[in-house]
Amino acid sequence: MLKISKERLDSNDLKLASALSQYAEVLRKQLKIDESMEMHQEALHICLSNFHSQKETKRSLLHRRYSLSSFEIQGSKIEIQLSDAHTCIGCCLSSKKQPKLAGRKHQEALRFREKHLSAMHPLLSESLNYVGEAMLNQNQPSNALPYFIRALSIRRLAFGDGHPAVAHVLGLYACALRALGRYEESHAKFIECIKICEAVFKPTHPNLIPNLINYGKLLVLEQNWEMADEIFKRALSIHRGAGRTGGAEAEMESFLEQIAAKKEFSGFVSEVSVARTENDANFLLFTDPGRDLDDELSMALVSSWCKDGSRPKPVELLGVIASFGDTARRSRLARGTLDVLGMGKVPVGMGEGDPSVGNTCSTAFANNYIPSKDWKPYSAPELLKKIYTRAEDKS
């Protein structure tokens, strides 16, 4: 089919790019990554050639004041196909263990898709998920969270809560929470993910393996040895039953040995706070989100300070404490707001308050990103004690 396409189509025809991409994806599924990458690069070159040609034609039409309506429709099709090419190359780079380069390709795809697709389009969730995964693979779980939150929201709406696409995001989301040390939240996400997989797939389906392995890693960190042993043995049984070989089996066997010895496994990393210097500006934020917009805006402002590497004195937000009125709901809103701002490692505390006193706290607008009512924040005294205990003298 590809040979016929090459014979019949012009070397810059987008239909040829599509045929190349389809065949390249077959090669990638067969783990022929280098061959797949080469074909995807060829398809990308065709798309880029059409993209630049389209831009030159647009300038010419603008100069002559012609109507651009039909021309812009064609231009959007080219850019969508270009986004597909970037996505496929990003997936190849991920397979080659190059998350930084993969992330750049997925960011390019996301840029084109955000330009031409609706805010809740499933293809947008694909790019968001890939970008988040690339950041997670670079040990940047805080930065990955906003992408997973948005991707999960789109997929729940597009496919329903019980779809495997939702489970895929949940599994990665849970890994990010685990890397941030938020084990309880991670546990809930893994359970939801595995339940969806068990409902959709057979009990021995290989798609369960990565989710079981990642859930097992969380159980090891929690030192829940008995359940971790059960989970890894189940994953290993499915792996061997599917006739698979390779690194995953060795990894699972290594974990089972660690569990048998009841030792913490240190083979994967979590995000840790950077050691503070005497120039750092460290502070706590006491706020009552859900009442006025200024509270969420204050967190957005602090987020920009914390991420601005050009500042002479780096800023670190040590924690947020929700106060006044319905502090349980306010703390949930604070947690969700910090997550979408890429500040997932900042802890949240709940001050004392009476929900019947003062203005009510509205969270209806934030249902897509705030944690459930089961989520438990620190108490304010507990969080303050933890922060001051860990602080260096005279800091």
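## Close-up views of the predicted model

**View 1. In helix α6, the buried residues are L124, S125, S127, L128, N129, V131, G132, A134, M135 and L136.** This is a predicted model, so keep that in mind for every view here. Helix α6 is 16 residues in length. From its first C-alpha to its last it reaches 23 Å, close to the 22 Å you'd expect at 1.5 Å a residue.

View 2. Helix α8 supplies the largest share, with 9 lining residues. Sorted by class, the lining comes out at 24 nonpolar, 13 polar and 10 charged residues.

**View 3. Zooming in on S36, we're in helix α3, which covers residues 33–64.** Is S36 buried or exposed? Its relative accessibility is 0%, so S36 counts as buried. Leaving aside residues up to four places away in sequence, S36 touches A24, E25, L27, R28 and C92.

**View 4. E108 and R111 pair up through their side chains in a salt bridge, at 2.9 Å from N to O.** Both residues belong to helix α5 (residues 99–116). They sit 3 residues apart, which is about one turn of that helix. E108 has a relative accessible area of 29%, so it counts as partly exposed. R111 is partly exposed too, with a value of 45%.

**View 5. The side chains of D161 and R156 make another salt bridge, this time at 3.2 Å from N to O.** How exposed is R156? With a relative accessible area of 26%, R156 is partly exposed.

**View 6. R240 and E249 are joined by a salt bridge, and their closest N and O atoms are 3.1 Å apart.** Elsewhere, salt bridges with shared partners tie R182, E185, R335 and D339 into one network. How many salt bridges does a search of the whole structure find? It turns up 17, among them the pair R240 and E249.

**View 7. Stepping back to the whole chain, we get 15 helices and 4 strands.** The chain has 395 residues, and 45% of them are buried. Now take the contacts between residues at least 6 apart in sequence: 65% of these join residues at least 24 apart.

Note on methods: Residues numbered from 1 in each chain as written. Predicted model: local features only at pLDDT ≥ 70, side-chain atom pairs only at ≥ 80, totals over all residues. Heavy atoms only, no water. Helix = DSSP H or I, 4+ residues; strand = E, 2+ residues; numbered from the N terminus. Nonpolar A, V, L, I, M, F, W, Y, C, P; charged D, E, K, R; others polar. Buried < 20%, exposed > 50% of the residue type's maximum accessible area, 1.4 Å probe, protein only. Contact = heavy atoms within 4.5 Å. Expected span 1.5 Å × (residues − 1). Salt bridge = Lys/Arg side-chain N within 4 Å of Asp/Glu carboxyl O.
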